[in-house]
Amino acid sequence: MDAPVPTADSEKRDSRGLLAFGRLAEGATLADARAEMDVVARRLEKTYPKTNEGVGVVVKPYNDQFNGGPIRTVFLALLGAVGFVLLIACANVANLLLARSIARTKEVAIRSALGASRWRVVRQLLIESVLLGVSGGVAGLVLSIWGVRMFDRAVANVGKPYWINFSMDFAVFGYLAAICLTTGILFGLAPALQVSKVDINEILKEGGRGSSGSSRVKYLAGFLVVSEVALSLVLLVGAGLMIRSFLKMYGMQAGIDAGRLLTMRLNLVDSRYPTPETRVAFYERLRPRLESVPGVESVAFASSLPIGGSFGWRFEIEGQPPVEPDKRPSVSGLVISPDYFQVMGMRILRGRSFTDTDGTTGKTAVIVNQPFVAKYWPGEEPLGKRLRLVREGEQPWLTVVGVCPDIRQNDPTRAEVDPAIYVPYRQDPARGFAIVARGRVAASSLGAALRKEVQAVDEALPVFSVQTLQEFFIQARWPFRVFGTLFAIFAVIALVLSSVGIYANYARIIGSMTRPPMSVSFLKRPACR
């Protein structure tokens with residue numbers, strides 16, 4: 001999402017566009033912080049009744065604010081996938097331990113005959129199982145540290161926000177240690193108990209075949225194999241559905257053709273461009289210089305790029321009953337130049353696009369999208385309707401001059417496009433805006449020339465986020481690529497583990513069926529002469 005631009009409006013008391021971050025004091029709870037902020041809000045309401053009447057403070061944990069909702073669901077699904085892979089691996093190891101314990105029945109019988117109690121036998125086998133789990137945990141820890149570093153490096157250039165850090169910490173180490181010990185005990189207990197219940201007399205008989213033919217062992221081994229297959233199928237189906245959802249979200253187009261479009265952002269500072277007139281003059285000086293660059297077909301300005309967010313504007317519609325200011329509807333709003341839809345490769349569906357006179361004195365205009373018409377003027381002719389933005393001071397009525405196609409502005413995961421309105425930049429010139437240039441050549445080759453023209457108009461003005469619109473879309477959808485790939489990796493690992501487990505169990509069964517029975521022959525000693 002495009003970064004907000006600090007302006008003089010941000011210092012006004014009725015500005016609500018900033019977030020505050022704080023750290024709880026030692027021993028304080030979230031309820032204490034909420035109570036204190038409620039007291040502060042009531043004091044401000046009493047001191048500034050005009051701007052703070054009915055205004056409160058919402059206090060949330062950081063994770064609830066930024067890692068809640070759909071992203072939390074994705075993280076929980078990933079945790080479930082990891083748990084399924086862990087269970088499949090543990091079932092594999094338990095099956096192998098069971099097969100190994102059957103081969104050790106004679107050893108256990110000898111130990112028992114020499115005086116070892118059942119508890120000592122179980123304890124020895126559990127210690128071996130736990131040591132095996134700890135050894136696997138150490139190897140997994142080394143592999144995970146390397147994997148996390150490689151993963152963080154792989155997603156560094158796909159649009160991952162800079163504040164997200166994929167790394168290992170002591171909580172992960174503690175969780176890994178607990179998992180290793182718990183799985184070592186739980187999945188080593190069944191084989192240990194099974195092998196400790198041997199019949200010493202039967203095992204020590206010559207020609208005895210141990211407990212390899214025990215029906216209980218066969219049932220336990222079969223249960224583990226069936227569990228592996230069931231867990232693998234559940235994980236594969238879940239991963240397939242999740243990947244399908246990710247691909248569907250990733251494939252959602254913003255509503256425009258992103259080919260041959262280059263974008264960059266500028267922020268005009270108040271000290272150099274303090275009034276709307278100075279900002280409009282800057283735009284009018286810059287646009288012809290950008291359009292004169294060889295290889296550039298057309299240029300447009302916009303306050304935000306598609307799926308890059310938008311303003312939230314409250315408004316009222318002419319002819320509808322008045323409502324309280326805080327209860328007036330809100331709509332996604334953008335400030336654009338007249339050629340915006342043309343540069344985006346789109347045509348106005350009804351009416352017309354903006355002209356160079358729209359936004360001047362007495363020429364107020366607005367363009368709405370189809371969801372706006374469907375929600376507020378269903379079955380009516382929208383052209384000629386008027387609406388007014390709710391802001392400080394007297395605001396003019398804006399006349400609808402056109403209906404534009406649907407462009408996805410806010411949440412790329414939603415199937416529906418939000419209602420939106422567009423106003424001409426002469427009417428409400430934004431301080432921060434994006435330049436969108438359509439090229440006759442590859443868009444990536446135009447960056448240096450366009451930057452040079454911007455600095456020719458204002459050499460102190462920084463230009464940032466120079467990239468093609470397609471690259472911008474890819475970065476905006478980075479979670480779908482990353483998490484979809486992770487789900488696919490987990491599903492493949494589960495399938496491989498299950499295949500190995502089934503093969504090992506099948507080989508053990510075939511081996512026991514084809515092994516010739518033990519026989520004991522007695523040789524007749526020759527008579528002594």
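Colleague: Is R42 buried, partly exposed or exposed, and how do I read that?

Modeller: Read the relative accessible area. Exposed needs over 50%, and buried needs under 20%. R42 has 40% relative accessibility, so R42 counts as partly exposed. Keep in mind that this is a predicted model.

Colleague: Which residue forms a salt bridge with R42?

Modeller: Look for a side-chain nitrogen of Lys or Arg within 4 Å of a carboxyl oxygen of Asp or Glu. Here R42 pairs with E45, and their closest N and O atoms are 2.8 Å apart. E45 is partly exposed, at 22% relative accessibility.

Colleague: Why are E45 and R42 separated by about one helical turn?

Modeller: Count along the helix. The two residues are three apart in helix 1, so about one helical turn separates them.

Colleague: How many salt bridges does a search of the whole structure find?

Modeller: The search finds 14. Take D356 and R287, with closest N and O atoms 3.5 Å apart. D356 sits in the loop between strand 5 (350–351) and strand 6 (365–369), while R287 is in helix 10, 69 residues away.

Colleague: Are D356 and R287 buried or partly exposed?

Modeller: One of each. D356 is partly exposed, with a relative accessible area of 43%. R287 counts as buried, at 14%.

Colleague: Which residues are linked with D356 and R287 in a network of salt bridges?

Modeller: E284, D339 and R426 join D356 and R287 in that network.

Colleague: What about E316: which side chain meets E316 in a salt bridge?

Modeller: That of R388, at 2.7 Å from N to O. This pair also links distant parts of the chain: E316 is in strand 3 and R388 in strand 7, 72 residues apart. R388 counts as buried, at 18% relative accessibility.

Colleague: Now the nonpolar surface. Which residues make a nonpolar patch?

Modeller: M37, V40, L44, Y48 and V57 make one of about 350 Å². Patch members need over 30% relative accessible area. Y48 has 35%, so Y48 is partly exposed. Y48 lies in the loop between helix 1 (30–47) and helix 2 (49–52).

Colleague: Where do I307 and S465 lie?

Modeller: I307 is in the loop between strand 2 (296–302) and strand 3 (311–317). S465 is in strand 11. I307 counts as buried, at 5% relative accessibility. S465 counts as partly exposed, at 40%.

Colleague: On to the serines. Is S337 buried or exposed?

Modeller: Buried, with a relative accessible area of 0%. S337 lies in the loop between strand 4 (330–336) and helix 11 (340–343).

Colleague: What does the side chain of S337 reach?

Modeller: The backbone nitrogen of F301, at 2.9 Å. Beyond four places away in sequence, S337 touches A300, F301 and Y425.

Colleague: And which side chain is joined to that of S332 by a polar contact?

Modeller: That of S310, at 3.4 Å. S332 is in strand 4 and counts as buried, at 10% relative accessibility. Beyond four places away in sequence, S332 touches residues including F311, N410 and D418.

Note on methods. Residues are numbered from 1 along each chain as its sequence is written. This is a predicted model: local features need pLDDT of at least 70, side-chain atom pairs count only at pLDDT 80 or more; totals for chains, interfaces and linings use all residues. Side-chain values use heavy atoms; hydrogens and water are left out. Helices (H or I, at least four residues) and strands (E, at least two) are DSSP runs, numbered from the N terminus. Buried means under 20% relative accessible area, exposed over 50%, partly exposed in between (1.4 Å probe, protein chains only). A polar contact is a pair of N or O atoms within 3.5 Å; within protein, one must be able to donate a hydrogen and the other to accept it, and residues adjacent in sequence count only if both atoms are side-chain atoms. Contact means heavy atoms within 4.5 Å. Patches are made of residues with over 30% relative accessible area and no salt bridge: like charges are joined within 9 Å, nonpolar side chains (Val, Leu, Ile, Met, Phe, Trp, Tyr) within 5 Å. Accessible areas come from the Shrake-Rupley method with a 1.4 Å probe; for residues, only the protein chains shown count as cover.
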